Amino acid sequence: MSGLRIENVSLRYGARPILRDLTLPELCPGEVTVLAGPNAAGKSTLLRAIAQLAPYRGRITLEGEDLARMPLRRRARLIGVMPQALPAGSSLVVLESVIAALRAGSDGFTRKADAQAMAVLDRLGIADLAMEPLDQLSGGQRQMVSLAQAIVRDPRVLLLDEPTSALDLARQVRLLGELRALAGEGRIVVAVLHDLAMAAQWADRIVLLHRGELHSSGPPATVLTPDLLARVYGVRARVERCSQGRITVLIDGEVQGGPRL
Amino acid sequence: MALIAALGVVLDLMTGPAGLPLSETLRALTGGEVARGTAVIVWQVRLPVAVLALLVGAALALSGAEMQTVLENPLAEPFTLGVSAAAALGAATAIVLGLTLPWLPAQWSISANAFLFALGALALLQLLGRLRGGGPEVLILFGIALNFAAGAFLSILQFVASADALQQLVFWTMGSLASATWQGVAALALVLAACIPFSLRAAWQLTALRMGEDQARSFGVDVDALRRWTLLRVSLLAATAVSLVGVIGFVGLAGPHIARMLVGEDHRFFLPASILTGALVMSLASTLSKMVVPGVLLPVGLVTSLIGLPVFFWLILRGRARR
């Protein structure tokens with residue numbers, strides 16, 4: 001009962017079902033789980049459901065406790081969310097925005113808030129941006145700031161929606177390494193990633209969603225096979241074994257006739 | 001060291017601009033009034049006007065600032081959302097139709113009607129917004145619709161009004177501080193004093209909302225409750241201010257924007273700065289309304305719009321150029 005459980009979760013936008021009675025294997029502390037799948041598979045929606053940002057049917061529990069019934073502020077201490085992008089046009093200063101992530105939902109952090117926020121910026125290597133207004137940062141810099149906002153409350157669960165989409169290669173590697181370290185400290189890390197090569201390299205477990213249902217889940221080496229990539233994504237791919245049991249995915253082109261599912 | 005520097009800059013942001021408008025405001029207040037001389041004029045005529053100007057500016061700018069944040073729209077303010085139009089309609093029912101609350105003394109009837117209509121407009125707005133699942137866009141669209149509806153009814157009343165009533169009504173809709181009384185000042189001061197502590201307590205939550213609704217929620221902010229309570233405060237502030245002085249546009253929009261340029265969007269500083277800039281702008285407008293045409297007291301609403309607008313444009317363009 002130590003992990004995050006997602007049981008029989010269904011969610012629809014209007015009449016359109018996004019998640020269909022989805023049940024995942026328990027997600028455990030110390031693991032980086034990557035949610036993968038083609039567009040409109042329901043990856044981001046699942047993240048929003050776990051974060052209780054979208055109403056769903058079913059049960060999502062953390063350590064046996066129903067997240068939907070948990071008081072808002074307690075939940076905010078347990079779960080950190082990194083959205084796809086921060087809204088543009090805020091002249092808020094980086095440090096203030098991170099302190100706000102700490103103090104908006106709690107009266108308990110008041111004294112150490114500034115130091116705590118600064119320490120997180122330092123950890124992510126963006127301390128030099130502390131006094132920059134958000135609307136003058138690049139997309140990648142904003143993404144690092146939103147990661148800082150997600151981890152500053154020291155949450156047990158970290159949910160990230162395409163965290164590397166605006167980052168350059170060095171920053172991608174840095175961020176993914178940081179996710180591994182955050183998981184290593186006993187957190188449950190769940191990330192939506194589109195880059196399967198990255199996912200194969202950094203994830204402990206890949207959960208492959210397809211049309212709102214669980215397609216397969218397990219270590220990258222068992223989930224990511226050429227046959228599956230052809231069927232779900234409609235691409236011809238090679239999967240190469242590297243050192244330490246890791247694999248890498250190389251894409252050659254499209255399959256004639258598109259995905260076969 | 002970086003931390004100390006960071007705190008130093010935050011402190012600098014806080015003290016500089018916030019302290020400055022306050023002292024200037026005081027100077028504008030005393031300088032304008034002392035020259036006119038005698039104690040009776042100062043205390044009975046000038047000072048209520050001057051103090052009311054400060055309070056009205058503060059109230060309108062604070063409500064504008066909070067509205068802009070909770071509705072996530074930089075154009076939101078009591079004026080654009082139909083509050084002022086509704087208040088004008090309320091005033092018109094008193095002036096033209098003579099419909100008033102029976103137990104109120106006559107000199108309060110116009111203000112009371114304006115207040116009730118303004119409050120009613122905002123209540124209606126919230127109710128409609130709630131029925132449709134209340135996103136900010138829905139509220140804003142309803143607000144604009146309300147603005148037009150109130151304007152149309154106002155036109156009807158103007159059409160049927162007698163010449164005397166029409167003149168009184170037109171004067172009211174232009175916004176005037178001339179009818180300031182100590183009772184009015186006290187009423188607005190009370191409402192401000194009641195609202196400001198709650199506004200400041202919500203400062204972090206409002207700041208978080210600038211990161212978007214989802215982010216604020218994930219930070220642990222109950223966004224719906226925040227929006228509800230903030231709009232309630234805004235309603236009280238705007239309705240009271242507008243009912244006392246009539247339609248005054250621009251301050252609720254410009255006050256927060258000037259404050260944002262000065263101190264940024266950390267609401268611990270942004271809200272007080274909005275209050276101060278709003279007060280300052282209204283105070284200057286009040287002074288100007290006496291000076292533009294010597295001997296004639298122009299409606300202050302006209303002054304805020306006519307003089308304020310070019311100044312505002314200049315500020316925005318200058319801000320752009322600096323980047």
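Is the crossing in which H3(B) passes H5(B) left-handed or right-handed? The points below take this up, then turn to the salt bridges. The model is predicted.

1. **Handedness of the crossing.** H3(B) passes H5(B) in a left-handed crossing. The residues that make this contact come from both helices. H3(B) supplies Ala85(B), Ala86(B), Ala88(B), Leu89(B), Ala92(B), Thr93(B), Val96(B) and Leu97(B). H5(B) supplies Asn147(B), Ala150(B), Phe153(B), Leu154(B), Leu157(B) and Val160(B). By class, twelve of the contact residues are nonpolar and two are polar. No charged residue takes part in the contact of H3(B) with H5(B).

2. **Geometry of the helix pair.** Two packed helices are described by the angle between their axes and the distance between those axes. Helix H3 of chain B covers residues 83–97, and helix H5 of chain B covers residues 136–160. They pack at an angle of about 20°. Their axes lie 9 Å apart. Angles under 35 degrees count as roughly parallel, so H3(B) and H5(B) are roughly parallel to each other.

3. **Salt bridges overall.** The count over all chains comes to 22 salt bridges.

4. **A bridge between chains.** The side chains of Asp214(B) and Arg48(A) form a salt bridge, at 2.2 Å from N to O. Asp214(B) sits in helix H9 (residues 213–218) of chain B, and Arg48(A) in helix H1 (residues 43–50) of chain A, so this pair joins two chains. Asp214(B) is partly exposed, at 29% relative accessible area. Arg48(A) is also partly exposed, at 26%.

5. **A bridge within chain A.** Arg187(A) and Glu185(A) meet through their side chains in a salt bridge, at 2.6 Å from N to O. Is Arg187(A) buried or exposed? Buried means under 20% relative accessible area. Arg187(A) has 9% relative accessibility, so Arg187(A) counts as buried. Glu185(A) has 47% and counts as partly exposed.

6. **The network around that pair.** Arg187(A) and Glu185(A) belong to a network of salt bridges. Arg123(A), Asp154(A) and Glu178(A) are linked in this network too.

7. **A bridge within chain B.** Asp224(B) forms a salt bridge with Arg217(B). The closest N and O atoms of this pair are 3.9 Å apart. The cut-off for a salt bridge is within 4 Å, so the pair Asp224(B) and Arg217(B) counts. Asp224(B) is partly exposed, with a relative accessible area of 41%. Arg217(B) is partly exposed as well, at 23%.

Terms used:
Residues are numbered from 1 along each chain as its sequence is written. Chains are lettered from A and ligands numbered from 1 in the order in which they are written. This is a predicted model: local features need pLDDT of at least 70, side-chain atom pairs count only at pLDDT 80 or more; totals for chains, interfaces and linings use all residues. Side-chain values use heavy atoms; hydrogens and water are left out. Helices (H or I, at least four residues) and strands (E, at least two) are DSSP runs, numbered from the N terminus. Buried means under 20% relative accessible area, exposed over 50%, partly exposed in between (1.4 Å probe, protein chains only). Axes are lines fitted to C-alpha atoms, for helices over the stretch in contact, and angles run from 0 to 180 degrees between N-to-C directions. Angles under 35 degrees count as roughly parallel, over 145 as roughly antiparallel, 65 to 115 as roughly perpendicular and the rest as oblique. A crossing is left-handed if the near helix is turned anticlockwise from the far one by less than a right angle, and right-handed if clockwise. Contact means heavy atoms within 4.5 Å. Ala, Val, Leu, Ile, Met, Phe, Trp, Tyr, Cys and Pro count as nonpolar, Asp, Glu, Lys and Arg as charged, and the others, Gly among them, as polar.
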